[in-house]
Amino acid sequence: MSFIDLFQKKRKYATIPSADRSVTRAGDGGDLLPEDKPKREIPEGLMNKCPKCAAIQFTKELDKNLKVCTTCGYHFKLSAVERIQMIMDEGRFFEYDAEMSSEDPLEFPDYVGKYRKAVDATGMNDAVITGEGTIGGFPVVVAVMSFDFMGGSLGSVVGEKITSAIEHAMQKQYPLIIFSTSGGARMQESILSLMQMAKTSAALAQFNEQGGLYISVITDPTFGGVSASFAMLGDFIIAEPGAAFGFTGKRVIEQTIRQKLPDNFQTAEFNLSHGQVDMVVVRKEMKNTLTRILDLHVVKGDLANGR
């Protein structure tokens, strides 16, 4: 178990033309053309464009707003580390199974290369981080998935780490919170990936029998094997606004049934209206909502006894 250190990546820079757009005119002394003007450098990623409303925002302002568009409320994707910083008290988090990494059991073509590329790009060893900390002063075991690691795909290591987290929650008698995001099972691991659906579900059934509290938070997107297993087994199922989730994607369903589906099909709001989730919670209220749920269900005496 180790404490997560959060490092900022070195800034990259992009060159853009100067804002001075003067041009040469006859007899004006020969002003420089725009392409001859001195160029200035600005940090790459200074601005962000909202994929929903196309509003342009400063990255710093977007970060202050928890990566939620200030114009339309669109919730940008978060990495696992960003969500941990956002949701845990003081960002403090003690990680489980930090060194666990995937092998290539089926010798699937180019799996090792893709896996190593994801490790280098994200700084993670797989698509989930698990560990413990406190939320609103309540001790919890947390698993946070990250879509930027091979689409958050459910492989052997992801299933093992989540199962291990559930077992830690049982042993410590802590509430369990899982933040899900995934494109589905990891095809490079075939049946070994699909087995993780049964393994995590069985562990959650045992956790439930012991009276454990499990809160599932669904983020955009969550599909396939994850939605068909632990993501939909919570005592409370919460979704972020606009989060798309289901077993199979909308386009595949439309092609199969040859019918047009509603524009908001499979969104958090659509699923809420059809009884698939308990609530849709904006990111700014997520920590407060989790704290209220914990406050209602955690026995005060357990905290006094270190449980």
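Of the 307 residues of the protein chain, 43% count as buried, where buried means under 20% relative accessible area, exposed over 50% and partly exposed in between, with a 1.4 Å probe and protein chains only. The model is predicted: local features need pLDDT of at least 70, side-chain atom pairs count only at pLDDT 80 or more, and totals for chains, interfaces and linings use all residues. Residues are numbered from 1 along each chain as its sequence is written, and side-chain values use heavy atoms, with hydrogens and water left out.

**Exercise 1. The chain as a whole**

Task: State how many helices and strands the protein chain has.

Solution. Step one is the definition: helices (H or I, at least four residues) and strands (E, at least two) are DSSP runs, numbered from the N terminus. Step two is the count, which gives ten helices and twelve strands. Step three concerns contacts, that is, heavy atoms within 4.5 Å. Among contacts in the protein chain with a separation of 6 or more, 66% come from residues 24 or more positions apart.

**Exercise 2. Helix α5**

Task: Determine which residues of α5 are buried and what they pack against.

Solution. Begin with the length: α5 spans residues 190–209, has 20 residues and reaches 30 Å from its first C-alpha to its last. This is close to the 28 Å expected at 1.5 Å a residue, the expected span being 1.5 Å times one less than the number of residues.

Next, identify the buried residues, which are S193, Q196, T200, A203, L204 and F207. Seen down the axis of α5, the buried residues fall within an arc of 100 degrees, so they line one face of the helix; the arc is that of the directions from the helix axis to the C-beta atoms. An α-helix has 3.6 residues a turn, so residues three or four places apart point the same way.

Then turn to the surroundings. The buried residues of α5 pack against α4 (156–172), β9 (176–182) and β10. The face turned away from the buried side carries the exposed residues I191, A198 and E209. Finally, α5 is followed by G211, with a positive phi near 85 degrees.

**Exercise 3. Backbone exceptions and a buried serine**

Task: Identify which residues are joined by a cis peptide bond, and where the non-glycine residues L66 and R258 with positive phi lie.

Solution. Most residues other than glycine have a negative phi, and most peptide bonds are trans. The cis bond joins D220 and P221, with omega about -10 degrees; P221 is found in strand β10. Among the contacts of S182, leaving aside neighbours within four places in sequence, are P221, T222 and M145. S182 itself lies in strand β9 and is buried, with a relative accessible area of 0%.

For L66, phi is about 60 degrees, and the residue lies in the loop between α1 (59–64) and α2 (80–87). L66 is partly exposed at 23% relative accessible area. For R258, phi is about 55 degrees, and the location is the loop between α7 (250–257) and α8 (268–273). R258 counts as exposed at 77% relative accessibility.

**Exercise 4. Aromatic pairs**

Task: State how many aromatic pairs the whole structure contains.

Solution. Rings of Phe, Tyr and Trp (its six-membered ring) pair if their centres lie within 6.5 Å; planes under 30 degrees apart count as stacked, over 60 as edge-to-face and the rest as tilted. Y74 is partly exposed at 21% relative accessible area, whereas F76 is buried at 13%.
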